[in-house]
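Welcome! Please take a moment to look over the sequence and the 3D structure before reading on.

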Amino acid sequence: MKEKKSNFSGSIGFVLAAAGSAVGVGNIWRFPYLCAKDGGGLFLIVYLALVLSFGFVLLTTDIAIGRHTKQNALKAFGTLNSKWKFLGYLTFLVPALIMTYYSVIGGWITKYFCTYLVSDGSILSQDSYFTSFITSKVSPIVFMLLFLALTAWVVYRGVEKGIEKFSRFIMPGLILLILGIAIFSLTLSYTDANGTVRTGLQGLKVYLYPDFSSLTVKRFLGVLLDAMSQLFFSLSVSMGIMVTYGSYVKDDVDLNKSINQIEIFDTGVAFLAGMMIIPAVFVFLGTDGMASGPSLIFISLPKVFASMGAIGRIIAIAFFLMMGFAALTSCVSVMETLVANCMEIFHKSRQKMCAVIGIYSLVTAVLICLGYNILYFEVKLPNGTVAQLLDIMDYISNSFLMPFISLLTSILIGWVVGPKLIIDEVERNGEHFKRAKLYCFMIRYVVPVVMLILFLVSTGII
Ligand code: PFF
């Protein structure tokens, strides 16, 4: 049975759904810890420059390809040029890999949210809690199941009634929560055992002040690499997701404006997440707390909430609710991309494909959960980090496939099909594409070279 092509009802629905995909765990968890690691304001400046250049080019390319071809990534590239069909298949691999672990992280967030809801959450602030939770055999699977069921339900309801309706309600809620917690964070102050007083405003300075001391070329390249891979993940580009969402956009929607709004939304939330987390961690845990890396959210933050006294629990509930919202809208976009692609290949209904993808997601997510206990193994990745199953999936999708796909896409658009196709698509509704010259230059020269370097560095070849 061939289903009627789904669409977003208009520009706002599209922007909120695309922003819902972009705003996720990456913004709230990864961005602040990279910021803390890479010298605060320095990382911010580099990231902002990349958003305005690479982010804008890659997002425009994906969305315009989707709307031009009115097809999912799997078929869209073949439609642009039949020799480039393979790029569609390659792109399909990314959400298929991300789906295996995103719902597992969603499950962890759900677990923390539920724990704060039913108790004061003090158990979560113990050092070994997070490790003992993710290495346990049953609990992570149960919470992953809950999160996955919710995701599948939204996707099952379809584009307009599920994804769009849901994003319209969740995204404004998310902004309110994050704004509220960020402002609260700035009002905090704490006197530690040595009598040192630390305030939220000092923490804000740690966040915003660009640390240029000991800036070497090597260190700058490291910051650049971190910012670039964060950008891919955060904007959900080069993984077919924005191509799929672009294919649901009506022709009269102003892509110029929508793309700017999505970027502002995504970067704004990441910025606010930093403003919410870095000052709070600084106040209660000092600069040592900032160095905790990926465990910032699940290990350091519960300690921060515990130090806040009674109000800590309320803030924690609001925080994990907001993070759950962000993770859910992102996970929905990953699953939607898989479902929509499969509907197109197999000519089956959304419901049937939801069931198939649901089972795939379930089985793979269980394997990822078990990767922390009975299926535990470690490998050394080409970039030098030691990884287990979840990290391996993350590495293949983000560090390996995404730069490679961006490299090939920029060659296809810049040199084979020509950037005019994208420019015409952006201007379809009659609006002038103001940054067309920048777009052409970037997609033909800058993106291919930088993506090649990024690919070679992250695969350990150079
Ligand atoms: N952009 C999302 C985030 O920042 O968490 C993550 C994401 C969503 C990555 C969807 C990939 C994806 F397919």
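## The chain as a whole

What you see is a predicted model. The protein chain is built from 18 helices and 4 strands. Its radius of gyration is 21 Å, close to the 23 Å that the globule rule gives for 462 residues, so the chain is as compact as a globular protein of that length. Along the principal axes, the C-alpha atoms fill a box of roughly 65 × 50 × 40 Å.

How much of the chain is buried? Of the 462 residues, 52% count as buried. Contacts also reach across the sequence: among those between residues at least 6 apart, 81% join residues at least 24 apart.

## The largest nonpolar core

The largest nonpolar core has 160 residues, and the members that touch the most others are Ile-178, Val-281, Met-335 and Val-339. Helix α12 (residues 255-290) gives this core its largest share, 20 residues.

Let us pick out Ile-178. Leaving aside residues up to four places away in sequence, Ile-178 touches Val-269, Leu-272, Ala-273, Met-276 and Met-322.

Is Ile-278 buried or exposed? Ile-278 has 25 other C-beta atoms within 10 Å, and a residue needs 20 or more to count as buried, so Ile-278 is buried.

Beyond residues up to four places away in sequence, Ile-278 touches Pro-32, Cys-35, Ala-36, Gly-203, Val-206, Tyr-207 and Met-290. As for distances, Ile-278 and Leu-454 are 176 residues apart in sequence, and their C-alpha atoms are 28 Å apart in space.

## Two pairs of crossing helices

Two packed helices are described by the angle between their axes and the distance between the axes. Helix α5 (residues 85-118) and helix α15 (residues 350-370) have axes that come within 8 Å and cross at roughly 65°. The two helices, α5 and α15, are therefore roughly perpendicular to each other, and their crossing is right-handed. On the α5 side the contact is made by Met-99, Thr-100, Tyr-101, Ser-103 and Val-104, and on the α15 side by Ser-361, Thr-364, Ala-365, Ile-368 and Cys-369.

The other pair is helix α10 (residues 217-235) and α16, which pack at an angle of about 90° with their axes 10 Å apart. That makes α10 and α16 roughly perpendicular to each other. Here Ser-229, Phe-232 and Phe-233 of α10 meet Asn-398, Ser-399 and Met-402 of α16.

## Leu-148, a residue of α7

Leu-148 lies in helix α7 (residues 139-156). Leu-148 counts as buried because 24 C-beta neighbours lie inside 10 Å. Which residues does Leu-148 touch, not counting those up to four places away in sequence? They are Ser-103, Ser-361, Leu-362 and Ala-365. Among these, Ser-103 of α5 and both Ser-361 and Ala-365 of α15 also take part in the contact between those two helices.

For a sense of scale, Leu-148 and Thr-115 are 33 residues apart in sequence, with 18 Å between their C-alpha atoms.

## Around helix α4

Helix α4 (residues 73-80) has several buried residues: Ala-73, Leu-74, Ala-76, Phe-77 and Leu-80. What do they pack against? The buried residues of α4 pack against α3 (41-69), α5, α11 (241-247), α14 (310-346) and α16 (389-417).

Note on methods. Residues are numbered from 1 along each chain as its sequence is written. This is a predicted model: local features need pLDDT of at least 70, side-chain atom pairs count only at pLDDT 80 or more; totals for chains, interfaces and linings use all residues. A nonpolar core is a set of buried Ala, Val, Leu, Ile, Met, Phe, Trp, Tyr and Cys residues joined through C-beta atoms within 7 Å. A residue is buried if 20 or more other C-beta atoms lie within 10 Å of its own, exposed if 12 or fewer, and partly exposed in between; C-beta atoms are placed from the backbone. Two residues are in contact if their C-beta atoms, placed from the backbone, lie within 7 Å. The radius of gyration is taken over C-alpha atoms; the globule rule is 2.2 Å times the number of residues to the power 0.38. Axes are lines fitted to C-alpha atoms, for helices over the stretch in contact, and angles run from 0 to 180 degrees between N-to-C directions. Angles under 35 degrees count as roughly parallel, over 145 as roughly antiparallel, 65 to 115 as roughly perpendicular and the rest as oblique. A crossing is left-handed if the near helix is turned anticlockwise from the far one by less than a right angle, and right-handed if clockwise.
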